[in-house]
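Have the structure open while you read.

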Amino acid sequence: MDEKTIKEALRKGERVTLECKKAKAEVPKSVWATYSAFANTIGGLILLGVNEDMQEKDIQKRYQIIGVDEPMKIITDFWNTLNSDKVNENILLDNDVEVVNVDGAQIVCIRVPQADWRAKPIYLNGNVYKGTYRRNNEGDYHCTEAQVKAMIRDSNVDGNDSILIEYYGMDDIDPDSLHQYRTEFRQENSTHVWNRVDDKTFLRNLGGYTEDRQTGREGLTLAGLMMFGKGLAIRDRFSNFRMDYLDMSHLVGDERYHDRLTYDGLWENNLYQFFRIVSPKVQFDLPRPFKLEKGGKRNDDTPQHEAVREAFTNSIIHCDLMMDAGILRIEKHDDRLCFRNPGLLKLPVEAIYRGGNSKARNPKIQNMLRMIGFGENVGSGFPKIIAAWKETNWGDPQLMNKLDVDEVELVLPVPSPKPAVKTVNETVNETVNETVKISGAQEKILQILHNNEDITYEEIAEKMGISRATVGRHISILKKKGILKRIGEDKNGHWIIVVRG
């Protein structure tokens, strides 16, 4: 720490990681709440000997360097208190506390790192529920009981999803979900011995079913229930949690969204079904360059498609499934994909960008997905996403620890769609005649075809939420009106929109 570094921190004035106090001759009592708050959030810098005028809006004028009178006494008192029972754990090293000369004044600098996830929460006065703090742009605040419990859950080295969910057993498993998963498992692991066991044994081997040897109690684990459970059973036990997918791309008129998957009774609301249904939807519009493998088989998968699946997987395995009002939410926009999950990052953001560490909240679910080919378990998942996006000119992925709502969001920029077909009614009127009109559904089909001329009837139907036969009727009308043409055969041809904006 030097004068230049301190002045740069004051110039930025980022209060979530900066706290300034007068402290002329002693350690301010409020330092300890800040120590707890920084340790439980993302770390920060405490400067003793700097006055902050909270009423001053201009950052350049807000801070006044006044210095301290007895820096060594303050440092000694600080260490003595830190190593007492004032706080539950000292996470500082000797070089985290030092004296720096700034403009002729002596400043005591205390660097507080983000505490290791196994050490949280850091709390004061021996009271974990009343002495735990977090940090935001307003300063230090007492954590709620729910926030403290979340930190305690996260400190479990075995993760959160191996716990026994009492009174929930195989009758609460959706058989279709488990059998679909077993089919995928068999395809990925054709010679695995688990393929020959019954469902209960398979689930036990996978970590979805457990038995407490001391008490004899047995049943589903959190992982087993959330991955393969019946929707009603999941909602009965975890009414606080839900999954939501919104497609807000290619909107027409005053549409808010044109595709949504939420709790509507049309699917089993477990994580496996959510992943299986939404994963193709969220990848649908990504560019797919034509590429043939040996033997003439087409391979239209790309590093970007793999990265999107990795992002989706990460949002599930790092999800705090027991958080109050938690929502696992996937959003698709014209220019970005957003993956949101409840629960803050367990590791510092810079450690996640570096890779090499994997601290999933739900390691059993992580393994379940990995066994059917999804997700990395050695900490290489996020670097894989970064590498895939570097191959494009779409923009940089953004990983955000949203402290105000206890949520993590990953935003992946994607290519904006081609300029939409003009309100096709307008275009046709301009270039053909006033009598040619098309419906809103037909205009939507034209917009989809404008962005993907190789798309199939089935894919259009899935995208619009209508039947293949209905798509066929609309396309027949557009062809009769001379607006749409098919070039080539059904399998190898493509669409051409005759009239475009």
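What follows goes through the ground rules, the sheet, the cores, a few helices and one glycine.

## Ground rules

This is a predicted model, so local features need pLDDT of at least 70 and side-chain atom pairs count only at pLDDT 80 or more, while totals for chains, interfaces and linings use all residues. Residues are numbered from 1 along each chain as its sequence is written, and side-chain values use heavy atoms, with hydrogens and water left out.

Helices (H or I, at least four residues) and strands (E, at least two) are DSSP runs, numbered from the N terminus.

## The six-stranded sheet

Start with an open sheet of 6 strands, in the order β12-β11-β13-β14-β16-β15, with mixed pairing. Strands count as paired if DSSP finds at least two bridges between them. At the edges are β12 (259–261) and β15 (398–402), each with a single partner strand, so one side of each has no neighbour in the sheet. On average, neighbouring strands here are turned by 10 degrees against each other, direction ignored. (Axes are lines fitted to C-alpha atoms, for helices over the stretch in contact, and angles run from 0 to 180 degrees between N-to-C directions.)

Contact means heavy atoms within 4.5 Å.

## Two nonpolar cores

A nonpolar core is a set of buried Ala, Val, Leu, Ile, Met, Phe, Trp, Tyr and Cys residues joined through side-chain atoms within 4.5 Å. Buried means under 20% relative accessible area, exposed over 50%, and partly exposed in between (1.4 Å probe, protein chains only). The largest core has 68 residues, and the ones touching the most other members are Tyr181, Phe228, Leu271, Phe274, Phe339, Ile365 and Leu412. Setting aside neighbours within four places in sequence, the contacts of Leu412 include Val308, Phe339, Ile385 and Trp389, and also Asp335 and Arg336.

A second, separate core holds 28 residues, among them Trp32, Ala37, Phe78 and Val87.

How many residues of α2 are buried? It's 10 of the 10, so α2 is largely enclosed by the rest of the structure. The buried set in α2 includes Trp32, Tyr35 and Phe38, along with Asn40.

In helix α5 (residues 145–154), the buried residues are Gln147, Val148, Ala150, Met151, Arg153 and Asp154. They pack against α2 (31–40), β7 (133–136) and β8 (139–142).

## Tyr457, Glu458, Ile460 and Ala461 in α17 meet Arg468, Val471, Gly472 and Ile475 in α18. These contact residues divide into 5 nonpolar, 1 polar and 2 charged, where Ala, Val, Leu, Ile, Met, Phe, Trp, Tyr, Cys and Pro count as nonpolar, Asp, Glu, Lys and Arg as charged, and the others, Gly among them, as polar.

Strands β17 (residues 484–487) and β18 run antiparallel and share 4 bridges, with Ile487 partnered by His494 in β18. In β18 (residues 494–497), Trp495 and Ile497 form the covered face, while His494 and Ile496 form the uncovered one.

## Gly381

Gly381 is found in helix α14 (residues 381–390) and is buried, with a relative accessible area of 7%. Gly381 and Thr313 are 68 residues apart in sequence, but 9.3 Å apart in space, C-alpha to C-alpha. Not counting residues up to four places away in sequence, Gly381 touches Glu310, Asn314 and Glu376.
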